[in-house]
Amino acid sequence: MSNLYFTEEHNLFRESLREFLQKEVVPHIDKWEETGHIERFIWKKFGDMGYFGLAYPEQYGGLDLDLFYTVIFLEELQRINSGGFAAAMWAHAYLAMTHLNKEGDEAIKEKYLADSISGDQIGCLCITEPFGGSDVAGMRTTAVKDGDTYVINGSKTFITNGVYSDYLVVAAKTSPELGNKGISIFVMDRDTPGISATKLDKLGWRASDTAEIAFDNVVIPAANLMGNENQGFPYIMQHFALERLIMGVNAHARAEYALEYAKQYMSERTAFGRTIDKFQALRHTFADCQTQMEICKQFNYYVTKRLDMGDYVVKEATMSKLQSTKMADDVIYQCLQFLGGYGFMEEYPLARMSRDSRLGPIGGGTSEILKEIIAKMVIDNKDYKPAT
(Lines give C-alpha, C1' and ligand atoms only; values in the text may rest on other atoms or scores of the structure.)
Protein backbone atom coordinates (compact mmCIF):
# COMPACT_ATOMS: atom_id res chain seq x y z
CA MET A 1 0.00 0.00 0.00
CA SER A 2 1.48 3.33 -1.05
CA ASN A 3 1.84 5.75 1.89
CA LEU A 4 2.49 8.48 -0.63
CA TYR A 5 -1.25 8.54 -1.36
CA PHE A 6 -3.07 6.52 1.31
CA THR A 7 -3.46 7.45 4.97
CA GLU A 8 -4.40 5.21 7.88
CA GLU A 9 -8.02 6.37 7.40
CA HIS A 10 -7.89 5.25 3.78
CA ASN A 11 -6.59 1.85 4.80
CA LEU A 12 -9.31 1.39 7.43
CA PHE A 13 -11.92 2.36 4.84
CA ARG A 14 -10.49 -0.25 2.46
CA GLU A 15 -10.71 -2.96 5.13
CA SER A 16 -14.31 -2.17 6.03
CA LEU A 17 -15.38 -1.92 2.36
CA ARG A 18 -13.70 -5.25 1.57
CA GLU A 19 -15.57 -6.89 4.46
CA PHE A 20 -18.86 -5.32 3.35
CA LEU A 21 -18.44 -6.58 -0.22
CA GLN A 22 -17.57 -10.11 0.92
CA LYS A 23 -20.56 -10.25 3.25
CA GLU A 24 -23.25 -8.35 1.31
CA VAL A 25 -22.35 -8.64 -2.37
CA VAL A 26 -20.25 -11.74 -3.13
CA PRO A 27 -22.97 -14.26 -2.11
CA HIS A 28 -25.29 -12.78 -4.78
CA ILE A 29 -22.84 -12.19 -7.63
CA ASP A 30 -23.30 -15.50 -9.47
CA LYS A 31 -27.07 -15.04 -9.43
CA TRP A 32 -26.83 -11.47 -10.74
CA GLU A 33 -24.36 -12.56 -13.43
CA GLU A 34 -26.91 -15.15 -14.51
CA THR A 35 -30.02 -12.97 -14.43
CA GLY A 36 -28.41 -9.70 -15.54
CA HIS A 37 -30.42 -7.97 -12.83
CA ILE A 38 -28.87 -6.49 -9.69
CA GLU A 39 -31.54 -6.47 -7.00
CA ARG A 40 -32.61 -3.16 -5.47
CA PHE A 41 -31.73 -3.96 -1.88
CA ILE A 42 -27.98 -3.74 -2.53
CA TRP A 43 -28.23 -0.18 -3.85
CA LYS A 44 -29.87 0.88 -0.60
CA LYS A 45 -27.16 -0.88 1.44
CA PHE A 46 -24.46 0.96 -0.54
CA GLY A 47 -26.31 4.22 0.09
CA ASP A 48 -26.69 3.52 3.81
CA MET A 49 -22.95 2.87 4.07
CA GLY A 50 -22.20 6.20 2.36
CA TYR A 51 -20.42 4.59 -0.61
CA PHE A 52 -22.31 6.63 -3.23
CA GLY A 53 -21.54 9.88 -1.43
CA LEU A 54 -17.76 9.62 -1.11
CA ALA A 55 -17.03 12.49 -3.50
CA TYR A 56 -20.20 14.56 -3.00
CA PRO A 57 -21.18 17.55 -0.82
CA GLU A 58 -22.33 16.95 2.74
CA GLN A 59 -25.47 19.06 2.28
CA TYR A 60 -26.95 16.30 0.07
CA GLY A 61 -25.84 13.48 2.34
CA GLY A 62 -22.37 13.06 0.86
CA LEU A 63 -19.04 12.73 2.67
CA ASP A 64 -16.96 15.17 0.59
CA LEU A 65 -13.83 12.98 0.79
CA ASP A 66 -10.69 13.10 -1.34
CA LEU A 67 -10.51 11.12 -4.58
CA PHE A 68 -8.40 8.33 -3.09
CA TYR A 69 -11.51 7.05 -1.32
CA THR A 70 -13.02 6.74 -4.79
CA VAL A 71 -9.90 4.88 -5.97
CA ILE A 72 -10.31 2.41 -3.08
CA PHE A 73 -14.03 2.03 -3.90
CA LEU A 74 -13.15 1.19 -7.53
CA GLU A 75 -10.24 -1.12 -6.68
CA GLU A 76 -12.21 -3.17 -4.19
CA LEU A 77 -15.16 -3.51 -6.57
CA GLN A 78 -12.80 -5.09 -9.11
CA ARG A 79 -11.63 -7.69 -6.59
CA ILE A 80 -15.04 -9.37 -6.37
CA ASN A 81 -14.73 -10.29 -10.04
CA SER A 82 -17.89 -8.94 -11.60
CA GLY A 83 -17.13 -6.16 -14.04
CA GLY A 84 -20.87 -5.73 -14.55
CA PHE A 85 -21.68 -5.22 -10.87
CA ALA A 86 -18.77 -2.79 -10.51
CA ALA A 87 -19.89 -0.87 -13.61
CA ALA A 88 -23.48 -0.55 -12.37
CA MET A 89 -22.20 0.99 -9.15
CA TRP A 90 -19.66 3.41 -10.59
CA ALA A 91 -21.80 4.41 -13.59
CA HIS A 92 -24.45 5.51 -11.11
CA ALA A 93 -22.06 7.16 -8.66
CA TYR A 94 -19.70 8.85 -11.13
CA LEU A 95 -21.32 9.13 -14.55
CA ALA A 96 -24.92 10.10 -13.78
CA MET A 97 -24.26 11.76 -10.42
CA THR A 98 -21.27 13.80 -11.59
CA HIS A 99 -23.53 15.67 -14.02
CA LEU A 100 -26.22 16.18 -11.36
CA ASN A 101 -23.63 17.62 -9.00
CA LYS A 102 -21.80 19.82 -11.50
CA GLU A 103 -24.65 21.06 -13.72
CA GLY A 104 -27.84 20.50 -11.75
CA ASP A 105 -29.49 23.46 -10.06
CA GLU A 106 -30.59 23.38 -6.43
CA ALA A 107 -33.99 21.85 -7.21
CA ILE A 108 -32.44 19.07 -9.30
CA LYS A 109 -29.84 18.30 -6.64
CA GLU A 110 -32.49 18.16 -3.93
CA LYS A 111 -34.69 15.88 -6.02
CA TYR A 112 -32.11 13.58 -7.66
CA LEU A 113 -28.65 13.93 -6.11
CA ALA A 114 -29.70 13.44 -2.48
CA ASP A 115 -31.73 10.33 -3.38
CA SER A 116 -28.84 9.02 -5.50
CA ILE A 117 -26.43 9.33 -2.59
CA SER A 118 -28.86 7.52 -0.27
CA GLY A 119 -29.39 4.72 -2.80
CA ASP A 120 -33.11 5.47 -3.18
CA GLN A 121 -32.75 6.41 -6.84
CA ILE A 122 -30.51 4.89 -9.50
CA GLY A 123 -29.23 6.91 -12.45
CA CYS A 124 -27.76 6.32 -15.88
CA LEU A 125 -25.89 8.58 -18.30
CA CYS A 126 -27.07 8.56 -21.92
CA ILE A 127 -24.54 9.93 -24.40
CA THR A 128 -23.54 7.18 -26.88
CA GLU A 129 -25.83 6.64 -29.88
CA PRO A 130 -26.29 3.69 -32.26
CA PHE A 131 -24.76 5.60 -35.21
CA GLY A 132 -22.28 7.66 -33.24
CA GLY A 133 -20.24 5.37 -30.98
CA SER A 134 -17.32 7.40 -29.66
CA ASP A 135 -18.29 10.35 -31.92
CA VAL A 136 -20.13 12.44 -29.34
CA ALA A 137 -20.40 15.46 -31.65
CA GLY A 138 -22.25 13.32 -34.22
CA MET A 139 -25.26 12.68 -31.98
CA ARG A 140 -28.71 12.89 -33.57
CA THR A 141 -31.00 12.98 -30.54
CA THR A 142 -32.78 16.34 -30.45
CA ALA A 143 -34.42 18.46 -27.77
CA VAL A 144 -36.81 21.05 -29.19
CA LYS A 145 -37.99 23.89 -26.94
CA ASP A 146 -41.78 24.19 -26.83
CA GLY A 147 -42.96 26.84 -24.40
CA ASP A 148 -41.89 25.75 -20.93
CA THR A 149 -41.05 22.21 -22.06
CA TYR A 150 -38.56 20.38 -24.26
CA VAL A 151 -39.56 17.57 -26.63
CA ILE A 152 -36.90 14.85 -26.93
CA ASN A 153 -36.57 12.47 -29.89
CA GLY A 154 -33.80 10.02 -30.70
CA SER A 155 -31.99 7.01 -29.30
CA LYS A 156 -29.01 6.00 -27.16
CA THR A 157 -27.15 2.71 -26.84
CA PHE A 158 -24.70 0.81 -24.60
CA ILE A 159 -26.19 2.59 -21.57
CA THR A 160 -25.17 1.02 -18.24
CA ASN A 161 -28.16 0.92 -15.84
CA GLY A 162 -30.25 1.75 -18.90
CA VAL A 163 -33.06 -0.68 -18.04
CA TYR A 164 -33.53 -0.52 -14.27
CA SER A 165 -32.52 3.06 -13.38
CA ASP A 166 -35.04 5.58 -12.05
CA TYR A 167 -33.79 8.62 -13.93
CA LEU A 168 -31.70 9.35 -17.02
CA VAL A 169 -29.13 12.07 -17.64
CA VAL A 170 -29.41 12.64 -21.39
CA ALA A 171 -27.35 14.59 -23.92
CA ALA A 172 -29.36 15.98 -26.85
CA LYS A 173 -28.95 18.61 -29.54
CA THR A 174 -30.84 21.82 -28.80
CA SER A 175 -29.24 23.59 -31.79
CA PRO A 176 -28.36 20.85 -34.33
CA GLU A 177 -27.05 23.42 -36.81
CA LEU A 178 -24.22 24.26 -34.37
CA GLY A 179 -22.79 20.71 -34.36
CA ASN A 180 -20.96 19.95 -31.12
CA LYS A 181 -21.66 23.50 -29.93
CA GLY A 182 -25.40 22.77 -29.90
CA ILE A 183 -25.58 19.98 -27.30
CA SER A 184 -27.39 20.30 -23.96
CA ILE A 185 -27.78 18.04 -20.91
CA PHE A 186 -31.12 17.08 -19.35
CA VAL A 187 -32.40 14.93 -16.52
CA MET A 188 -35.65 12.98 -16.89
CA ASP A 189 -37.66 10.46 -14.92
CA ARG A 190 -37.82 6.90 -16.19
CA ASP A 191 -41.63 6.83 -16.16
CA THR A 192 -41.94 9.84 -18.50
CA PRO A 193 -44.16 8.76 -21.43
CA GLY A 194 -42.21 7.96 -24.62
CA ILE A 195 -39.09 6.44 -23.00
CA SER A 196 -38.49 2.78 -23.80
CA ALA A 197 -35.48 0.56 -23.10
CA THR A 198 -34.33 -2.69 -24.71
CA LYS A 199 -31.86 -4.85 -22.82
CA LEU A 200 -28.70 -5.82 -24.72
CA ASP A 201 -27.06 -9.26 -24.55
CA LYS A 202 -23.35 -8.83 -23.85
CA LEU A 203 -20.16 -10.89 -24.00
CA GLY A 204 -19.11 -9.75 -20.52
CA TRP A 205 -20.32 -7.41 -17.75
CA ARG A 206 -23.23 -9.85 -17.50
CA ALA A 207 -24.53 -8.60 -14.14
CA SER A 208 -25.17 -5.05 -15.32
CA ASP A 209 -28.16 -4.03 -17.40
CA THR A 210 -27.03 -2.36 -20.61
CA ALA A 211 -29.70 -0.85 -22.81
CA GLU A 212 -30.63 0.72 -26.07
CA ILE A 213 -33.01 3.54 -25.21
CA ALA A 214 -35.54 5.25 -27.48
CA PHE A 215 -37.09 8.68 -26.93
CA ASP A 216 -40.37 9.15 -28.80
CA ASN A 217 -41.75 12.68 -28.34
CA VAL A 218 -40.71 12.70 -24.69
CA VAL A 219 -41.96 15.91 -23.07
CA ILE A 220 -40.01 17.19 -20.05
CA PRO A 221 -40.15 20.49 -18.14
CA ALA A 222 -37.72 23.16 -19.34
CA ALA A 223 -36.45 23.21 -15.74
CA ASN A 224 -34.91 19.75 -16.39
CA LEU A 225 -32.19 21.38 -18.49
CA MET A 226 -28.92 21.12 -16.57
CA GLY A 227 -26.42 23.96 -16.81
CA ASN A 228 -26.59 26.30 -19.79
CA GLU A 229 -28.22 25.46 -23.09
CA ASN A 230 -25.71 24.42 -25.79
CA GLN A 231 -22.93 23.95 -23.21
CA GLY A 232 -23.34 20.17 -23.07
CA PHE A 233 -20.25 19.27 -25.09
CA PRO A 234 -17.76 21.03 -22.80
CA TYR A 235 -19.55 19.52 -19.77
CA ILE A 236 -19.23 16.03 -21.24
CA MET A 237 -15.59 16.53 -22.19
CA GLN A 238 -14.77 17.92 -18.76
CA HIS A 239 -16.17 14.83 -17.02
CA PHE A 240 -14.51 12.41 -19.46
CA ALA A 241 -11.27 12.98 -17.54
CA LEU A 242 -12.81 11.38 -14.45
CA GLU A 243 -14.52 8.61 -16.44
CA ARG A 244 -11.29 7.67 -18.21
CA LEU A 245 -9.30 7.71 -14.99
CA ILE A 246 -11.98 5.49 -13.38
CA MET A 247 -11.57 2.99 -16.21
CA GLY A 248 -7.79 3.17 -15.88
CA VAL A 249 -8.01 2.48 -12.14
CA ASN A 250 -10.46 -0.38 -12.74
CA ALA A 251 -7.97 -1.86 -15.20
CA HIS A 252 -4.94 -1.85 -12.92
CA ALA A 253 -7.09 -3.19 -10.07
CA ARG A 254 -8.43 -6.18 -12.00
CA ALA A 255 -4.94 -6.94 -13.35
CA GLU A 256 -3.56 -6.82 -9.81
CA TYR A 257 -6.28 -9.18 -8.60
CA ALA A 258 -5.64 -11.56 -11.52
CA LEU A 259 -1.93 -11.63 -10.67
CA GLU A 260 -2.64 -12.29 -6.99
CA TYR A 261 -4.91 -15.17 -7.92
CA ALA A 262 -2.47 -16.60 -10.47
CA LYS A 263 0.43 -16.35 -8.02
CA GLN A 264 -1.50 -18.33 -5.41
CA TYR A 265 -2.54 -20.91 -8.01
CA MET A 266 1.02 -21.32 -9.31
CA SER A 267 2.34 -21.83 -5.78
CA GLU A 268 -0.03 -24.80 -5.33
CA ARG A 269 -0.13 -26.37 -8.79
CA THR A 270 2.59 -28.96 -9.44
CA ALA A 271 4.04 -30.31 -12.69
CA PHE A 272 7.11 -32.47 -13.20
CA GLY A 273 7.67 -32.74 -9.49
CA ARG A 274 7.62 -29.07 -8.48
CA THR A 275 5.23 -26.15 -8.21
CA ILE A 276 4.86 -24.31 -11.50
CA ASP A 277 6.04 -21.01 -9.96
CA LYS A 278 9.54 -22.52 -10.10
CA PHE A 279 9.66 -22.68 -13.93
CA GLN A 280 11.67 -19.81 -15.35
CA ALA A 281 9.42 -19.22 -18.38
CA LEU A 282 6.43 -18.65 -16.11
CA ARG A 283 8.39 -16.69 -13.48
CA HIS A 284 9.73 -14.24 -16.06
CA THR A 285 6.35 -13.80 -17.73
CA PHE A 286 4.83 -13.15 -14.31
CA ALA A 287 7.57 -10.61 -13.55
CA ASP A 288 6.78 -8.79 -16.82
CA CYS A 289 3.08 -8.71 -16.00
CA GLN A 290 3.67 -7.46 -12.46
CA THR A 291 5.95 -4.70 -13.78
CA GLN A 292 3.43 -3.46 -16.35
CA MET A 293 0.62 -3.47 -13.79
CA GLU A 294 2.69 -1.57 -11.22
CA ILE A 295 3.71 1.12 -13.72
CA CYS A 296 0.06 1.72 -14.65
CA LYS A 297 -1.04 1.72 -11.01
CA GLN A 298 1.52 4.32 -9.95
CA PHE A 299 0.72 6.54 -12.94
CA ASN A 300 -3.01 6.30 -12.14
CA TYR A 301 -2.37 7.33 -8.53
CA TYR A 302 -0.35 10.31 -9.76
CA VAL A 303 -3.15 11.40 -12.11
CA THR A 304 -5.71 10.95 -9.30
CA LYS A 305 -3.64 13.22 -7.07
CA ARG A 306 -3.51 15.91 -9.73
CA LEU A 307 -7.23 15.65 -10.48
CA ASP A 308 -7.95 15.89 -6.76
CA MET A 309 -5.86 19.08 -6.63
CA GLY A 310 -8.04 20.57 -9.35
CA ASP A 311 -5.70 20.16 -12.31
CA TYR A 312 -7.24 19.67 -15.76
CA VAL A 313 -5.85 16.23 -16.59
CA VAL A 314 -7.61 15.31 -19.85
CA LYS A 315 -4.36 14.22 -21.51
CA GLU A 316 -3.10 12.16 -18.57
CA ALA A 317 -6.49 10.56 -17.85
CA THR A 318 -6.78 9.62 -21.53
CA MET A 319 -3.32 8.05 -21.36
CA SER A 320 -4.35 6.25 -18.17
CA LYS A 321 -7.32 4.56 -19.81
CA LEU A 322 -5.47 3.80 -23.05
CA GLN A 323 -2.48 2.16 -21.41
CA SER A 324 -4.11 0.56 -18.37
CA THR A 325 -6.90 -1.18 -20.28
CA LYS A 326 -4.42 -2.62 -22.78
CA MET A 327 -2.19 -3.75 -19.94
CA ALA A 328 -5.12 -5.40 -18.11
CA ASP A 329 -6.14 -7.35 -21.21
CA ASP A 330 -2.55 -8.54 -21.73
CA VAL A 331 -2.03 -9.47 -18.07
CA ILE A 332 -5.38 -11.26 -17.68
CA TYR A 333 -4.81 -13.15 -20.93
CA GLN A 334 -1.49 -14.32 -19.52
CA CYS A 335 -2.94 -15.17 -16.08
CA LEU A 336 -5.54 -17.36 -17.75
CA GLN A 337 -2.65 -19.12 -19.51
CA PHE A 338 -0.93 -19.73 -16.17
CA LEU A 339 -3.97 -21.77 -15.14
CA GLY A 340 -3.80 -23.93 -18.25
CA GLY A 341 -7.06 -25.83 -18.90
CA TYR A 342 -8.55 -24.58 -15.64
CA GLY A 343 -8.30 -21.02 -16.89
CA PHE A 344 -10.88 -21.90 -19.51
CA MET A 345 -13.38 -23.21 -16.96
CA GLU A 346 -16.25 -21.03 -15.78
CA GLU A 347 -15.80 -22.09 -12.14
CA TYR A 348 -12.38 -20.41 -12.10
CA PRO A 349 -12.32 -16.59 -11.99
CA LEU A 350 -10.15 -15.92 -15.05
CA ALA A 351 -12.84 -16.92 -17.54
CA ARG A 352 -15.25 -14.20 -16.42
CA MET A 353 -12.43 -11.73 -15.83
CA SER A 354 -11.11 -12.07 -19.37
CA ARG A 355 -14.59 -11.40 -20.81
CA ASP A 356 -15.20 -8.45 -18.53
CA SER A 357 -11.77 -6.95 -19.12
CA ARG A 358 -12.24 -6.91 -22.88
CA LEU A 359 -14.65 -3.99 -22.62
CA GLY A 360 -11.84 -1.82 -21.22
CA PRO A 361 -10.38 -0.70 -24.57
CA ILE A 362 -13.91 -0.15 -26.00
CA GLY A 363 -16.17 1.52 -23.42
CA GLY A 364 -15.85 5.17 -22.45
CA GLY A 365 -14.05 6.01 -25.71
CA THR A 366 -12.29 3.38 -27.81
CA SER A 367 -8.51 3.15 -27.70
CA GLU A 368 -8.39 4.35 -31.32
CA ILE A 369 -10.30 7.53 -30.43
CA LEU A 370 -8.13 8.06 -27.33
CA LYS A 371 -4.96 7.82 -29.40
CA GLU A 372 -6.29 10.49 -31.73
CA ILE A 373 -7.16 12.77 -28.77
CA ILE A 374 -3.64 12.32 -27.38
CA ALA A 375 -2.14 12.91 -30.82
CA LYS A 376 -4.08 16.17 -31.15
CA MET A 377 -2.73 17.32 -27.79
CA VAL A 378 0.90 16.26 -28.18
CA ILE A 379 1.38 16.76 -31.95
CA ASP A 380 -1.11 19.48 -32.92
CA ASN A 381 -0.82 21.30 -29.54
CA LYS A 382 -4.61 21.29 -29.17
CA ASP A 383 -5.66 22.61 -25.79
CA TYR A 384 -8.93 21.26 -24.37
CA LYS A 385 -10.42 23.78 -21.98
CA PRO A 386 -12.71 23.21 -18.97
CA ALA A 387 -16.33 24.35 -19.33
CA THR A 388 -16.91 27.83 -17.99
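At 12% relative accessibility, Trp205 counts as buried, where buried means under 20% relative accessible area, exposed over 50% and partly exposed in between, computed with a 1.4 Å probe on protein chains only. The residue is found in the loop between β6 (195-199) and β7; helices (H or I, at least four residues) and strands (E, at least two) are DSSP runs, numbered from the N terminus. Although Trp205 is a residue other than glycine, its phi is positive, near 50°. The structure is a predicted model, in which local features need pLDDT of at least 70 and side-chain atom pairs count only at pLDDT 80 or more, while totals for chains, interfaces and linings use all residues. Residues are numbered from 1 along each chain as its sequence is written, and side-chain values use heavy atoms, with hydrogens and water left out.

A positive phi is also found at Phe158, which is not a glycine and has a value of about 60°. Phe158 lies in strand β3 (residues 149-160). With a relative accessibility of 57%, Phe158 counts as exposed.

Strand β7 (residues 210-221) holds Ile213, which is buried because its relative accessibility is 1%. Contacts, defined as heavy atoms within 4.5 Å, link Ile213 to Cys126, Gly154, Ser155, Lys156, Ile159, Gly162, Leu168, Ile195, Ser196 and Ala197, when residues up to four places away in sequence are not counted. Ser324 is 111 residues from Ile213 along the chain, and the C-alpha atoms of the two are separated by 30 Å.

Ser184 belongs to strand β5 (residues 183-189) and, at 0% relative accessibility, counts as buried. Its side chain makes a polar contact with the side chain of Thr174 at 2.5 Å. A polar contact is a pair of N or O atoms within 3.5 Å; within protein, one must be able to donate a hydrogen and the other to accept it, and residues adjacent in sequence count only if both atoms are side-chain atoms. The side chain of Ser184 also reaches the backbone nitrogen of Asn230, at 2.8 Å. Leaving aside neighbours within four places in sequence, the residues in contact with Ser184 are Val170, Ala171, Ala172, Thr174, Leu225, Glu229, Asn230 and Gly232.

Among the helical residues, His10 is located in helix α1 (residues 8-35). A relative accessible area of 3% places His10 in the buried class. The side chain of His10 reaches the backbone nitrogen of Thr7 at 2.8 Å. Beyond its neighbours within four places in sequence, His10 is in contact with Tyr5, Asp66, Phe68, Tyr69 and Ile72.

Asn250 is found in helix α6 (residues 232-268) and is likewise buried, with 3% relative accessibility. Apart from neighbours within four places in sequence, Asn250 contacts Leu74, Gln78 and Trp90. Its C-alpha atom is separated by 19 Å from that of Leu65, a residue 185 places away along the chain.

The 25 residues of helix α8 (residues 314-338) should span 36 Å at 1.5 Å a residue, and the end C-alpha atoms are 36 Å apart, which agrees; the expected span is 1.5 Å times one less than the number of residues. Gly340 follows α8 and has a positive phi, near 60°.

Two packed helices are described by the angle between their axes and the distance between the axes. Helices α8 and α10 (residues 367-378) pack at an angle of about 145°, with their axes 10 Å apart. Here axes are lines fitted to C-alpha atoms, for helices over the stretch in contact, and angles run from 0 to 180 degrees between N-to-C directions. The contact is made by Val314, Lys315, Thr318, Met319, Lys321, Leu322 and Thr325 of α8, together with Ser367, Leu370, Lys371, Ile373, Ile374, Met377 and Val378 of α10. These residues divide into 8 nonpolar, 3 polar and 3 charged, with Ala, Val, Leu, Ile, Met, Phe, Trp, Tyr, Cys and Pro counted as nonpolar, Asp, Glu, Lys and Arg as charged, and the others, Gly among them, as polar. The buried residues of α10 are Ser367, Leu370, Ile373, Ile374, Ala375 and Met377, and what covers them includes α6 and α8.
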